[in-house]
Amino acid sequence: MAGIVVVFDFDKTIIDVDSDNWVVDELGATDLFNQLLPTMPWNSLMDRMMKELHTQGKTIQDIEEVLKRVPIHPRIVPAIKSAHALGCDLRVISDANVFFIETILKHLGIRDCFSEINTNPGYVDGEGRLRILPYVDFQKSPHGCNLCPPNMCKGMIVERIQAKEGKKRMIYLGDGIGDFCPSLKLREADFVMPRKDFPAWNLINKNRTLVKAGVHEWTNGKELEHILLQWINTINIEESQLLSMEYCKFQTKPNADHGALPRPLPVPY
């Protein structure tokens, strides 16, 4: 049954680290990153770091090789493949960038499991340097959400998905501060899965009355897989029962012309 939208954050949810920090650390640019961090927004800083790495002679291939060895729990990929096989519409909403995310997902063999990746744009320019741009041009068109970083409001993306998908139920998985805002947009029939002892979990627990969705924490990939698939199965059972009830009501509805119940349908042999 394909009536469920499952939305994943990427860093520290699908993978076990922050992809930006992973690339910077693995390519030996941590000190410069920490030096520049207080001077500009994170997204702008990552674009600057890609410039610095390019100047130091690091290539796109070097970045790709680093991304391909990113740490990930062994049950995450099976969980994603299972959710996709069950007919769920899987999407990513992440404050990383499209180059990092697609490189990793393709390497893991799960890029085709996702119908949509919402993240900061990234591309390789004519000089072979990776450019990273903000999802929202906060200089010209700020999104106006005071819960989210200037370059992306995940809550607005969730609202867009809801408007397009109608009454489809949603499961949202995340860990960071930016995952609190979309948790507030979920409806009573939805579920949110914050990673335990991470910022989103702390904020949800401190503001539980503001969250309409069902909440279930997780700590690692094994728990994520178990809880996610359990909820998908639960929703599918509930939706099947609802359809059965609607079918029974239709079958027992009095005939408008004769005031009598319709004859039962023939039993197949």
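The model is predicted, so local features need pLDDT of at least 70 and side-chain atom pairs count only at pLDDT 80 or more, while totals for chains, interfaces and linings use all residues. Residues are numbered from 1 along each chain as its sequence is written, and side-chain values use heavy atoms, with hydrogens and water left out.

Helices (DSSP runs of H or I, at least four residues) and strands (E, at least two) are numbered from the N terminus. The axes of helix 1 (residues 19–26) and helix 4 (residues 60–68) come within 10 Å and cross at roughly 120 degrees. Axes here are lines fitted to C-alpha atoms over the stretch in contact, with angles from 0 to 180 degrees between N-to-C directions. Helix 1 is therefore oblique to helix 4; angles under 35 degrees count as roughly parallel, over 145 as roughly antiparallel, 65 to 115 as roughly perpendicular and the rest as oblique. Trp22, Val23 and Glu26 of helix 1 meet Ile63, Val66 and Leu67 of helix 4, where contact means heavy atoms within 4.5 Å.

Turning to the rings, Phe33 and Trp42 form an edge-to-face pair, because their centres are 5.1 Å apart and their planes stand at 75 degrees. Rings of Phe, Tyr and Trp (its six-membered ring) pair if their centres lie within 6.5 Å, and planes under 30 degrees apart are stacked, over 60 edge-to-face and the rest tilted. Phe33 is buried at 3% relative accessibility, whereas Trp42 is partly exposed at 31%; buried means under 20% relative accessible area, exposed over 50%, and partly exposed in between (1.4 Å probe, protein chains only).

Lys12, in the loop between strand 1 (4–8) and helix 1, has a positive phi of about 65 degrees although it is not a glycine.
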